[in-house]
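Here are some notes for a colleague who is opening this structure for the first time. Please keep the model in view while reading the points below.

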Amino acid sequence: MQQVKFFSGEQIPLELHKVRIVQKLNLVPIERRYDAINDGFFNDYMLSTNDIYLDMLTDSGCNAMSDNQLSAMMRADDAYAGSQSFERFHHGVIDVLGKKLLLPCHQGRAAEHIIAKSFVKPGNVVPCNYHFTTFLAHVQEQGATVRELLCDGATDISSDNPFKGNMDIDKLKACIEEVGTDNIPFIRMEASTNLIGGQPFSMRNLMDVRKVADHYGILLVMDASLLGENAYLIKMREKEWKQNSLAEILKMMTGLADLVYFSARKLTSSRGGGICTNRQDLYDVMAPLIPEYEGFLTYGGMSVREIEAMAVGIYETTDETVISQSVEFIKYLVDSSVKCGIPMVTPPGVLGAHVDAAGFCPHIPQNEYPAGALAVALYLCSGVRGMERGTLSSFRDENGVEKMADMELLRLAVPRRVFTLSQIKYVVDRLHWLYENRELIGGLRFTYEPKVLRFFLGKLEPTSDWPRKIVAKFRKDFGDSL
Ligand SMILES: *Cc1c(COP(=O)(O)O)cnc(C)c1O
């Protein structure tokens with residue numbers, strides 16, 4: 001839709017913005033990168049951006065802000081209660097998401113905390129298309145569990161299913177019959193299912209889930225953190241919606257859910273988060289928790305400047321020239337990598353390109369964290385920081401047994417309007433070199449393993465001196481190149 005055709009026939013994404021404020025990047029030598037990752041216990045969360053060339057850890061809070069967002073931040077109305085900045089944001093939520101009642105919270109996981117605390121009871125089961133790390137942690141903290149009901153083939157690496165984020169309706173019905181409606185606080189649908197490669201669900205599927213929710217009288221909650229991109233892919237891939245505007249698709253999607261929550265770090269290219277609904281009864285259950293955990297109802301732990309940026313950003317989510325950018329750059333990154341033979345999750349999804357670490361490093365067993373090892377190896381050979389999304393991001397059960405992840409992915413996030421095409425080409429080039437030298441990559445093991453969300457603060461070490469071998473081979477092949 002927003003693709004520009006080239007006379008040459010070349011298929012490349014074209015930037016539909018210009019760069020006016022820039023940040024200098026460091027591309028430090030590989031020897032420095034070795035020291036940095038060694039000092040960071042082979043966990044790339046521990047790196048300083050001083051030592052990173054392209055930070056592809058996440059899109060969270062890393063999307064480029066627009067001139068309109070920055071200028072709105074200047075007129076922020078500082079007030080503990082009743083801030084006009086909040087009113088402007090609230091109007092945006094009503095206009096774009098179609099929900100009248102809004103609770104602000106400091107980011108997406110704070111919304112998950114409030115929702116879990118309000119509705120999830122011990123022993124409950126939350127059916128979802130797929131879990132998200134922070135959502136799962138909050139559900140488990142309430143003594144409950146999630147049930148993942150993705151459609152068949154959703155975790156196949158290479159696929160031509162345009163909607164791998166779809167929920168399997170038969171599995172959903174079976175789950176409800178088995179668990180009982182009393183034990184299900186709500187069904188959760190996550191837009192652009194993050195952990196399986198940013199894969200969207202279709203409008204058809206969401207409507208079908210809504211029908212089941214209505215039939216059984218169960219609430220439908222939507223994680224809308226990556227809603228804009230899911231809506232864009234509905235427009236691109238689901239023919240019934242081709243003629244509709246992004247704004248119409250967005251509103252249709254949120255209209256099907258009773259409760260919508262989001263990380264504004266993603267949805268609106270700013271900071272913050274929120275929960276919105278048209279149901280006063282649901283609002284009334286959650287509202288008292290906001291002043292207790294987040295801040296007063298008109299700021300929710302955010303600065304008013306952030307709220308102004310959200311107020312503008314929520315409207316920009318309806319702009320195809322904004323939302324298409326990251327998606328089209330990801331597609332370019334995935335397609336170019338596949339041409340080099342690199343195993344990638346297909347079709348390309350949103351928020352980042354996803355490398356199949358299990359296919360990249362079949363010689364590394366899952367309990368030695370192939371995706372974490374690949375993140376270390378890619379950082380070493382390129383200065384690019386990705387994020388492990390595999391068993392390292394998983395957890396141990398009460399008996400200390402590790403739950404092996406369904407997929408071992410290295411996510412290379414492509415925040416909106418941040419990177420240029422030559423930078424993306426550099427990523428493909430280094431990934432290609434690494435793939436040709438993949439047998440050099442070895443495993444990792446924990447030297448310190450936190451109980452909850454272990455990937456954030458865990459410390460690791462390589463199972464052999466393989467990182468040094470990568471440094472040596474890089475020098476041999478690239479001479480004195482950075
Ligand atoms: C990022 C994310 C969250 C958590 O949001 P934060 O603002 O980082 O706390 C929740 N759900 C999904 C789908 C996300 O991508």
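1. A polar contact is a pair of N or O atoms within 3.5 Å. With that cut-off in mind, and remembering that this is a predicted model, one may begin at the ligand, where an oxygen atom of the ligand is 2.8 Å from an N or O atom in the side chain of Gln107. Gly108 contributes through its backbone, with an N or O atom lying 2.9 Å from an oxygen atom of the ligand, and the side chain of Ser263 places an N or O atom 2.6 Å from a ligand oxygen atom.

2. How much of the ligand's accessible area does the protein cover? Of the 380 Å² that the ligand has on its own, the protein covers 99%.

3. The ligand is surrounded by 15 residues, the closest being Gln107, Arg109, Asp223, Ser263 and Lys266.

4. Turning to charge pairs, the structure holds 28 salt bridges. One of them joins Arg204 to Asp208, with the closest N and O atoms 3.5 Å apart; both residues lie in helix α7 (residues 203-216), four residues apart, which is about one turn of the helix. Arg204 counts as partly exposed at 43% relative accessibility, and Asp208 likewise counts as partly exposed at 23%.

5. A further salt bridge brings together the side chains of Arg396 and Glu449, at 2.7 Å from N to O. Arg396 lies in the loop between β11 (387-389) and β12 (409-413), and Glu449 in the loop between β13 (444-448) and α18 (454-457), so this pair ties together parts that are 53 residues apart in sequence. Arg396 is partly exposed, with a relative accessible area of 35%, and Glu449 is partly exposed at 27%.

6. Is each partner in the salt bridge of Arg430 and Asp429 buried or partly exposed? Their side chains meet at 2.8 Å, N to O; Arg430 counts as buried because its relative accessibility is 7%, whereas Asp429 is partly exposed, with a relative accessible area of 40%. Elsewhere, salt bridges that share partners join Arg210, Asp214, Asp258, Arg279 and Asp281 into one network.

7. Finally, Val4, Leu14 and Leu16 form a nonpolar patch on the surface, with about 200 Å² of accessible area together. Leu16 is placed in the segment before α1 (30-39) and counts as partly exposed at 34% relative accessibility.

Notes. Residues numbered from 1 in each chain as written. Predicted model: local features only at pLDDT ≥ 70, side-chain atom pairs only at ≥ 80, totals over all residues. Heavy atoms only, no water. Patch = residues over 30% accessible without salt bridge, like charges linked within 9 Å, V, L, I, M, F, W, Y side chains within 5 Å. Areas by Shrake-Rupley, 256 points an atom, 1.4 Å probe, with all protein chains shown as cover. Salt bridge = Lys/Arg side-chain N within 4 Å of Asp/Glu carboxyl O. Helix = DSSP H or I, 4+ residues; strand = E, 2+ residues; numbered from the N terminus. Buried < 20%, exposed > 50% of the residue type's maximum accessible area, 1.4 Å probe, protein only. Near = heavy atom within 4 Å. Polar contact = N/O pair within 3.5 Å; in protein donor to acceptor, adjacent residues only side chain to side chain.
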